[in-house]
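Student: Can we go through this protein together? I'd like to know how to read it.
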Amino acid sequence: MYGLLAVVAGFRGASVGTDTASYAYDYYDGKNLLIDDVVMVESTRLERGVLLVMKLACVLWDSPITFNCLMSFFTFFLVGFFVYNNIKQYELATFIIVSFGFFFYMMNAERQALSIAVCVNSYPYIIRNEKCKTILILCVASLFHNSIWIMLPIMITYWLLSKKRFAYKRNCLKLLLLSVLTVGVLYCGYEYITNNLELLNGVYVGYFSYFSNFNAPDLVGKFLMFQGVLFFIIAIFINSFRLSEDDAKENFFIGQMLVMACVMLVAEVTVMRIFYRFVDTFSFPLCMGIPKVLDLIASGTGKTIIKYCIYVLGLLYMNYMMYSGIQGIWPYEIGL
């Protein structure tokens with residue numbers, strides 16, 4: 001299944017996805033850099049890992065399509081590896097990844113998608129407090145997109161909160177307090193940065209000017225707000241049961257990530273659309289959280305009803321985001 005996803009995403013034409021054409025231009029610039037320039041690059045906006053993939057594509061078959069195929073292969077191999085080894089209901093998890101946006105996101109922001117795909121394989125180490133392995137994987141992920149460093153404060157917060165034994169009565173309260181604290185820090189930090197753009201040294205300033213007055217349209221905004229509420233409900237639900245210590249830790253981490261995704265969605269709709277760049281970084285554990293919800297429901301009938309509701313909701317979301325043109329991946333065409 002992940003091989004098929006890699007083929008569809010990798011062989012997309014330049015008109016499929018908002019950033020695909022720009023990646024083609026970047027490819028023709030990046031492939032001409034010397035190896036020393038790739039390792040020590042300072043003058044390009046592309047990360048070192050991306051430039052190395054460009055060099056590999058140039059050696060194999062000199063074409064932007066080769067670069068897209070390699071990026072897609074690495075992304076979906078890593079995602080599939082994580083899902084198969086960490087989620088029992090991997091077929092449901094795969095459906096969620098395809099229908100709830102990550103697959104479309106890969107065709108729009110493939111650098112960041114690959115960075116997320118590397119990072120998700122650090123989840124088991126984060127939950128087990130294996131800090132060295134976690135930081136190492138995060139460093140590798142940052143070779144493909146620097147935004148993944150936003151995970152660092154999340155990891156530190158989780159490790160601090162996980163020092164004491166997890167108790168389900170306290171987990172929900174922790175998530176509520178964490179969401180309030182995150183909103184406060186996020187909005188204060190946003191105001192500070194927008195008033196002091198010189199701190200960015202010219203990096204990402206264009207995003208602030210381009211998106212400053214461009215929030216999500218009304219209908220899309222309501223849809224995204226609903227999605228954020230769904231994330232929050234799942235985060236609270238899976239942390240409302242008495243579980244073993246290992247399950248409680250995993251559920252709290254999933255809840256923490258989904259709460260952050262909810263905050264980013266609200267910020268995207270109400271503040272500035274640039275926050276959508278961080279939604280998928282935090283919302284990926286949805287493919288872990290929804291199977292957790294089903295595992296916690298005792299009733300066989302109730303479980304079946306909720307599962308079909310998830311299928312319907314996922315298909316509605318996927319088709320709306322595709323045919324509305326928001327993701328820029330329809331009409332699809334093969335780029336050869």
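Tutor: We'll go from the overall build to single residues and pairs.

Student: Okay. What kind of model is it, and how are residues numbered?
Tutor: It is a predicted model: local features need pLDDT of at least 70, side-chain atom pairs count only at pLDDT 80 or more, and totals for chains, interfaces and linings use all residues. Residues are numbered from 1 along each chain as its sequence is written, and side-chain values use heavy atoms, with hydrogens and water left out.

Student: How many helices and strands are there?
Tutor: The protein has 18 helices and zero strands. Both are DSSP runs, numbered from the N terminus: helices are H or I with at least four residues, strands are E with at least two.

Student: How much of it is buried?
Tutor: Of the 336 residues, 51% count as buried. Buried means under 20% relative accessible area, exposed means over 50%, and partly exposed is in between (1.4 Å probe, protein chains only).

Student: What share of the contacts links residues 24 or more positions apart?
Tutor: Among contacts with a separation of 6 or more, 75% are of that kind. Contact means heavy atoms within 4.5 Å.

Student: What counts as a salt bridge?
Tutor: A side-chain nitrogen of Lys or Arg within 4 Å of a carboxyl oxygen of Asp or Glu.

Student: And Arg111?
Tutor: Arg111 meets Glu47 in a salt bridge, at 2.9 Å from N to O. Arg111 lies in helix H8 and Glu47 in the loop between helix H3 (35-40) and helix H4 (48-60), so the pair ties together parts that are 64 residues apart in sequence. Both Arg111 and Glu47 are buried.

Student: How many salt bridges does the whole structure have?
Tutor: Five. One of them joins the side chains of Arg128 and Glu130, at 2.9 Å from N to O. Salt bridges that share partners join Arg128, Glu130 and Lys133 into one network.

Student: Are Arg128 and Glu130 buried or partly exposed?
Tutor: Arg128 counts as partly exposed because its relative accessibility is 48%. Glu130 is partly exposed too, with a relative accessible area of 26%.

Student: New topic: aromatics. How many pairs?
Tutor: The count comes to 18 aromatic pairs. Rings of Phe, Tyr and Trp (its six-membered ring) pair if their centres lie within 6.5 Å; planes under 30 degrees apart count as stacked, over 60 as edge-to-face and the rest as tilted.

Student: Show me one. Why is it classed that way?
Tutor: Take Phe73 and Phe77. Their ring centres are 6.0 Å apart and their planes are at 25°, so the pair is stacked. Both lie in helix H5 (residues 64-86), four residues apart, about one turn of the helix.

Student: Why does one turn matter?
Tutor: An α-helix has 3.6 residues a turn, so residues three or four places apart point the same way.

Student: Which residues form one aromatic cluster?
Tutor: Phe82, Phe102, Tyr123, Tyr158, Phe252, Phe253 and Phe284.

Student: Last one: what sits over the ring of Trp159?
Tutor: The charged end of Lys131, 5.2 Å from the ring centre. The rule is NZ of Lys or CZ of Arg within 6 Å of the ring centre and within 35 degrees of the ring normal.
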